[in-house]
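Hello! Here are a few friendly notes to read alongside the structure. Take them one at a time and look for each feature as you go.

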Amino acid sequence: MDKFFKLTEHGTDVRTEVTAGLTTFFAMSYILFVNPAMLSQTGMPAQGVFLATIIGSVAGTLMMAFYANLPYAQAPGMGLNAFFTYTVVFALGYTWQEALAMVFLCGVISLIITLTKVRRMIIESIPTTLKSAISAGIGIFLAYVGIKNAGFLKFTVDAGKYVVAGASLDPAKTSITADASATPGLVAFNTPGVLVALIGLFFTIFFIVKGIRGGVILSIAATTIVAVLFGVVDLGSIDWHASSLGSSVKDLSKIFGAALGSNGLGSLFSDVSRIPGVLMAILAFSLTDIFDTIGTLIGTGEKVGIVATTGDNKESKGLDRALYSDLVGTSIGAIAGTSNVTTYVESAAGIGSGGRTGLTALVVAVLFALSSFFSPLVSIVPSQATAPILIIVGVMMLSNLKNIDWEDLSDAIPAFFTSIFMGFAYSITYGIAAGFITYTLVKMIKGQAKDIHLIMWILDLLFILNFISLAVL
């Protein structure tokens with residue numbers, strides 16, 4: 001084990017890696033339940049999507065473990081599954097089979113740009129200032145996700161200023177989109193869920209500040225016990241038969257391979273008039289998938305020396321292999337029947353607890369595989385137990401802000417938009433897009449357009465085209 005994953009070389013051990021894997025898995029296990037609930041709104045069988053989620057996650061994460069030897073986990077990305085459901089299927093009118101075909105084509109595009117080293121060129125074209133801003137932005141994004149998952153926030157929306165999508169009798173299948181009138185605020189700390197999250201935050205701060213070994217997983221365990229005592233987790237409600245593996249396999253057969261079938265790729269380009277719209281939707285999928293992964297790898301890997309975005313060394317080679325892992329996960333996931341698989345930002349929780357090698361990823365992959373048998377048991381760990389971990393890891397990553405020259409507005413402005421937009425727009429990709437575009441704008445204003453890398457110009461154009469397509473389609 002030590003020799004294969006090079007544990008000693010990376011300054012880690014089996015116990016640390018297993019703990020990190022457990023931490024990452026529980027931080028992202030919500031996707032096992034959220035993804036089926038999201039995609040089933042399109043008509044896909046929920047239990048089939050559940051297994052497809054596991055297949056895509058295991059495929060990508062095993063690649064991370066054995067090929068890249070990196071502590072990152074992969075799963076269908078939040079935001080990407082919402083785009084799949086609410087934009088591509090509901091708003092644009094494509095079938096879920098056609099949407100899966102688009103996801104598969106994203107994997108093909110990722111393969112092409114990775115084989116041709118375009119993705120590495122993209123990474124190396126990013127200025128140092130923006131790399132630091134991306135790292136800090138990931139921290140802001142993680143902290144915001146944690147605060148939101150903990151239930152600390154409420155949002156007030158003006159009457160008539162929202163749109164309801166996927167309306168049905170089942171509230172879990174209804175989405176409400178509000179405009180800028182939505183105002184965030186602090187909830188009243190008078191509900192069991194919020195109180196449990198507060199206690200969990202105390203546990204996390206205590207264990208982390210004290211430097212207690214395995215403190216992250218201890219915090220998750222302790223908070224879960226408190227959640228049971230407070231009634232937030234009802235052990236008596238676990239139904240071992242409601243989502244049996246047999247029924248899931250039966251539903252999986254209805255969606256497996258649909259992306260490549262006559263109702264998927266076979267019909268996607270059959271109507272010539274739809275081709276421009278199809279291409280723009282694929283572009284939106286691809287940009288989000290590519291830059292979510294790039295942002296996560298830069299934001300979490302450089303600081304602890306797991307990956308390097310420049311130079312010809314083992315860390316930069318690890319980055320290349322991580323990118324290959326991402327495209328494998330997306331391609332296999334699409335064939336199985338789920339939206340884009342991407343590198344999960346929650347991997348930072350495991351890295352924060354010491355994960356440094358592919359053994360961490362292997363533990364996550366094994367736990368995902370076991371979830372197909374014990375899916376009800378996974379739900380015992382509530383979001384209130386993992387949310388504090390994300391908050392504290394986010395705080396740790398904010399240290400990257402010190403690398404930015406805030407006295408120089410040509411650095412400060414793009415750094416601000418990069419980092420802040422990740423949290424406010426709830427998207428790593430949109431934060432990167434905002435940073436890239438403002439960086440180019442500032443350079444042009446200063447008369448330094450010649451210093452902008454050609455790749456940056458191309459990416460700015462693609463981001464702008466993507467925003468235009470979202471506004472027009």
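1. One term first: two residues are in contact when heavy atoms of theirs lie within 4.5 Å. Please also keep in mind that this is a predicted model.

2. Now try that term on Gly 350, which sits in helix α15, residues 347-352. Setting aside neighbours within four places in sequence, Gly 350 is in contact with Ala 20, Thr 23, Thr 24 and Gly 355. Is Gly 350 buried or exposed? Its relative accessibility is 0%, so Gly 350 counts as buried. For a sense of distance, Ile 380 is 30 residues from Gly 350 in sequence, and their C-alpha atoms are 19 Å apart in space.

3. Step back to the whole protein chain, which has 21 helices and six strands. Its radius of gyration is 21 Å, close to the 23 Å that the globule rule gives for 473 residues, so the chain is as compact as a globular protein of that length. Along the principal axes, the C-alpha atoms fill a box of roughly 65 × 55 × 55 Å.

4. Of the 473 residues in the protein chain, 54% are buried. Among contacts with a separation of 6 or more, 80% are between residues 24 or more positions apart.

5. Finally, visit the surface. The protein chain exposes about 19,500 Å², with 67% of it supplied by carbon and sulfur atoms. Leu 461, Ile 464, Leu 465, Ile 468 and Val 472 make a nonpolar surface patch of about 460 Å². One of these, Ile 468, lies in helix α21, residues 454-472. Ile 468 counts as partly exposed because its relative accessibility is 45%.

Note on methods
Residues numbered from 1 in each chain as written. Predicted model: local features only at pLDDT ≥ 70, side-chain atom pairs only at ≥ 80, totals over all residues. Heavy atoms only, no water. Patch = residues over 30% accessible without salt bridge, like charges linked within 9 Å, V, L, I, M, F, W, Y side chains within 5 Å. Areas by Shrake-Rupley, 256 points an atom, 1.4 Å probe, with all protein chains shown as cover. Salt bridge = Lys/Arg side-chain N within 4 Å of Asp/Glu carboxyl O. Helix = DSSP H or I, 4+ residues; strand = E, 2+ residues; numbered from the N terminus. Buried < 20%, exposed > 50% of the residue type's maximum accessible area, 1.4 Å probe, protein only. Rg over C-alpha atoms; globule rule 2.2 N^0.38 Å.
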